[in-house]
Amino acid sequence: MESVTEATTVQREIAIDASPETVWEFLVDPLKMTRWMGLEATLDAQPGGVYLVKVIDGHTARGEFVEVEPPHRLVFTFGWDPGEDGPSAVPPGSSTIEIELAPAPDSGTLVRFSHNLSAVEMATQHAQGWDHYLTRLQIAAAGGEAGVDPWLSGEM
């Protein structure tokens, strides 16, 4: 018997008080990425390049870049390495993230974020995660200090 998995998409739209070029760097530069998400990052922002972010201890996101159109569009696969609990419900490469950056009339950037998940039961958890991290991106890319991620101490 074949199992049918319903897909879902987590979508967000945020404004950042920075140019698309500045916001872009926070998505593809490992040092800038870890100012808003993750302990460590390895990012090779070219089609087929690695996307690897150790978000918190025991939770490493892995995928590969699919579309890279600086500074306007970024698409990469996404999933979680197996952890102590065994296989991930969202294994590496099993979902896709699309990010579009558009100049906003006030010289900032409108970020359109979309995470397409095949595991519908994981949508709520990922929506909470992206709400947390996109808020931190908004602060960091605008020149602010997002501070120590409270999730690093298990405050999830």
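The following legends describe close-up views of a predicted model.

The model is predicted, with local features requiring pLDDT of at least 70 and side-chain atom pairs counted only at pLDDT 80 or more, while totals for chains, interfaces and linings use all residues. Residues are numbered from 1 along each chain as its sequence is written, and side-chain values use heavy atoms, with hydrogens and water left out.

**Figure 1. The largest cavity and its lining residues.** A search of the whole structure returns one cavity of 30 Å³ or more. A cavity is a set of points, on a 1 Å grid over the protein atoms alone, where a 1.4 Å probe fits but cannot get out; lining residues have an atom within 4 Å of a point. Grid points are joined across faces, edges and corners, and the volume is the space filled by probe spheres set on the points. For the largest cavity this volume is about 60 Å³. The lining consists of Leu27, Met33, Trp36, Met37, Tyr51, Leu74, Phe76, Ile99, Phe113 and Trp130. By class, the lining has 10 nonpolar, no polar and no charged residues, where Ala, Val, Leu, Ile, Met, Phe, Trp, Tyr, Cys and Pro count as nonpolar, Asp, Glu, Lys and Arg as charged, and the others, Gly among them, as polar.

**Figure 2. Salt bridge between Arg12 and Asp131.** The closest N and O atoms of Arg12 and Asp131 are 2.4 Å apart; a salt bridge is a side-chain nitrogen of Lys or Arg within 4 Å of a carboxyl oxygen of Asp or Glu. The pair links distant parts of the chain, with Arg12 in strand β1 (residues 8-16) and Asp131 in helix α3, 119 residues apart. Helices (H or I, at least four residues) and strands (E, at least two) are DSSP runs, numbered from the N terminus. Arg12 is partly exposed, at 27% relative accessible area, and Asp131 is also partly exposed, at 35%. Buried denotes under 20% relative accessible area, exposed over 50%, and partly exposed the range in between (1.4 Å probe, protein chains only). The search of the whole structure finds seven salt bridges.

**Figure 3. Salt bridge between Arg112 and Glu13.** The side chains of Arg112 and Glu13 meet with an N to O distance of 3.4 Å. This pair also links distant parts of the chain: Arg112 belongs to strand β7 (residues 109-117) and Glu13 to strand β1, 99 residues apart. Arg112 is partly exposed, with a relative accessible area of 36%, whereas Glu13 is exposed, with 52%.

**Figure 4. Salt bridge between Arg62 and Asp81.** The closest N and O atoms of Arg62 and Asp81 are 2.8 Å apart. Arg62 lies in strand β4 (residues 59-69) and Asp81 in the loop between β5 and β6 (95-103), so the pair ties together parts that are 19 residues apart in sequence. Arg62 counts as partly exposed, at 33% relative accessibility.

**Figure 5. Salt-bridge network that includes Arg73.** Glu67, Arg73, Glu98 and Glu100 are linked in a network of salt bridges. Arg73 is located in strand β5 (residues 73-78) and is buried, with a relative accessible area of 18%. The C-alpha atoms of Arg73 and Val111 are separated by 9.8 Å, although these residues are 38 positions apart along the chain.

**Figure 6. Cis peptide bond from Pro70 to Pro71.** The omega angle of this bond is near -15°. Pro71 is placed in the loop between β4 and β5. In general, most peptide bonds are trans.

Figure 7. Gly147 is found in the segment after α3 and is partly exposed, at 29%. Asp149 is also placed in the segment after α3, but counts as buried at 6% relative accessibility.

Technical notes:
1 Å grid on protein atoms, 1.4 Å probe; cavity = no way out; pocket = protein on both sides within 12 Å on 5 of 7 lines; lining within 4 Å.
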